[in-house]
Amino acid sequence: MRIGIGYDVHKLVEGRKLILGGIDIPHTMGLLGHSDADVLLHAIMDSILGALALGDIGKHFPDTDIKYKGISSLKLLEEVYDLMNEKNYKINNLDCVIVAQKPKLAPFIEDIRNSISKALKTNIDNINVKATTSERLGFEGREEGISAQAVCTLCKK
């Protein structure tokens, strides 16, 4: 069994879609980034890459490469899945938390879990996603950005 942890943060700005876990979340602002800036999927990818001892998403999908400009992070997650599959591992468990003051994410959690489970070709029961606020503290609490953390365990197929 292998364990990995991932963390990511992106700034909230006007004029961008808010994509979390591959799901378009209605909100007045979105996350700024080279790709679609899906902070949750970025944390998940880093946790998987970490468990495989393959570095991080910046190594595999650098923000200096134009081919990743505006790309869906779901496509990147599928590439990380391929790396995991090549090494003969599968998701045992994935536990994630999104920290955002707004919007309220509870109505979207099941859709996010479904999206992630499909991309990683695993049962939805292996995926847990939580959302919390930071009680108006820090950059998340001031609605300047959103962060996400993910911990995964991988096991041999």
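**View 1. A right-handed β-α-β unit is built from β5, helix α4 and β6.** In this predicted model, local features need pLDDT of at least 70, side-chain atom pairs count only at pLDDT 80 or more, and totals for chains, interfaces and linings use all residues. Residues are numbered from 1 along each chain as its sequence is written, and side-chain values use heavy atoms, with hydrogens and water left out. Helix α4 covers residues 109-119. Helices (H or I, at least four residues) and strands (E, at least two) are DSSP runs, numbered from the N terminus. Right-handed means that, with the strands pointing away from the viewer, the path from the first strand over the helix to the second runs clockwise. β5 and β6 (residues 127-132) run parallel, joined by 6 bridges. C96 has V129 as its bridge partner in β6.

**View 2. β7 pairs with β5 and with β1.** Strands β5 (residues 89-99) and β7 (residues 145-156) are antiparallel over 10 bridges. Here V99 is partnered by S147 of β7. β1 (residues 2-13) also runs antiparallel to β7, again through 10 bridges. K11 finds its bridge partner in G145 of β7. Strands of a sheet pair through backbone hydrogen bonds, either parallel or antiparallel.

**View 3. The open sheet has 5 strands in the order β4-β1-β7-β5-β6.** Its pairing is mixed; two strands count as paired if DSSP finds at least two bridges between them. β4 (30-31) and β6 are the edge strands, each pairing on one side only. Helix α1 (residues 39-51) lies across β1, β4, β5, β6 and β7, at about 155° to β1. Axes are lines fitted to C-alpha atoms, for helices over the stretch in contact, and angles run from 0 to 180 degrees between N-to-C directions.

**View 4. Helices α1 and α3 pack at an angle of about 10°.** Their axes are 10 Å apart, and α3 spans residues 73-86. The angle makes α1 roughly parallel to α3, a label for angles under 35 degrees. On the α1 side, the contact (heavy atoms within 4.5 Å) uses L41, H42, I44, M45, I48 and L49. α3 contributes S73, L74, L76, L77, V80, L83 and M84. The contact residues divide into 11 nonpolar, 2 polar and no charged. Ala, Val, Leu, Ile, Met, Phe, Trp, Tyr, Cys and Pro count as nonpolar, Asp, Glu, Lys and Arg as charged, and the others, Gly among them, as polar.

Methods. Parallel < 35°, antiparallel > 145°, perpendicular 65-115°, else oblique.
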